[in-house]
Amino acid sequence: MPSSLRVLALASALVSLGTIMSPAFLIDDFARDGVSALGTRWQTFSDRVMGGVSDGETAFETIEGRRCLRLRGQVSLENRGGFVQAALPLVERGGSFDAGRFKGLRLQVRGNGAVYSVHLRTEDTRLPWQYYEAAFEAGPAWKPIEIPFTAFSPENLSAALDTGGLKRLAIVAAKRAFSADVAVAGIEFYE
């Protein structure tokens with residue numbers, strides 16, 4: 001069989017097995033501790049910025065052979081609080097990222113079985129309590145998840161998600177008192 005036919009046959013077999021995913025744009029693979037593939041830095045925030053008492057920390061670790069960001073902490077609802085998050089600006093110096101050609105986000109996640117969220121901020125989210133949110137469950141084994149942009153709901157604003165002006169994404173533990181422990185081994189936009 002000619003080599004071009006072998007390549008085509010192999011590609012067809014992989015597609016039928018579901019092992020080839022749609023094209024992607026890497027946001028972070030955590031190979032550069034704290035600095036994303038975009039050149040921006042991860043930051044940890046909690047409700048303490050508004051008087052809450054939640055505690056959280058972000059670490060860059062290797063779990064089961066995968067380099068990852070790990071967010072751990074205690075989420076408390078005391079003092080009107082209730083969140084810890086690891087946030088990443090998508091562009092330095094307040095710019096925005098045009099993700100209009102993509103369908104959503106793909107992540108590799110594992111955790112303690114709790115439900116977590118991805119928050120997106122855009123040019124429309126001017127106040128700290130405004131964001132777009134999509135939830136995911138992080139079980140004890142690594143699992144790939146795809147979150148289409150259509151799954152993100154606006155919180156405390158009425159504007160629809162404009163993926164042409166993304167400013168920041170965050171991995172978030174929020175809205176209930178619990179022990180957070182979630183790891184993300186890769187984040188990318190998918191087409």
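Tutor: Leaving aside residues up to four places away in sequence, R70 touches E57, T58, A59, E61, I63, D181, V182 and A183, where contact means heavy atoms within 4.5 Å. The model is predicted, with local features needing pLDDT of at least 70 and side-chain atom pairs counting only at pLDDT 80 or more, while totals for chains, interfaces and linings use all residues. Residues are numbered from 1 along each chain as its sequence is written, and side-chain values use heavy atoms, with hydrogens and water left out.

Two of the residues that R70 touches also meet its side chain through polar contacts: the side chain of D181 at 2.8 Å, and that of E61 at 3.1 Å. A polar contact here is a pair of N or O atoms within 3.5 Å; within protein, one atom must be able to donate a hydrogen and the other to accept it, and residues adjacent in sequence count only if both atoms are side-chain atoms. R70 counts as buried because its relative accessibility is 17%, the class being set at under 20% relative accessible area, with exposed over 50% and partly exposed in between (1.4 Å probe, protein chains only).

R70 is found in strand 4; strands (E, at least two residues) and helices (H or I, at least four) are DSSP runs numbered from the N terminus. Strand 4, residues 66-75, pairs with strand 12 in the antiparallel sense over seven bridges, two strands being paired if DSSP finds at least two bridges between them. Within that pairing, G73 has A180 of strand 12 as its bridge partner.

Strand 12 itself, residues 178-190, is mostly covered, with 10 of its 13 residues buried. Strand 1 (residues 24-28) also pairs with strand 12, in the antiparallel sense and over four bridges, and here D28 stands opposite I187. Strand 6 (residues 104-111) is a further antiparallel partner of strand 12, joined over eight bridges, among whose residue pairs is G104 with Y190 of strand 12.
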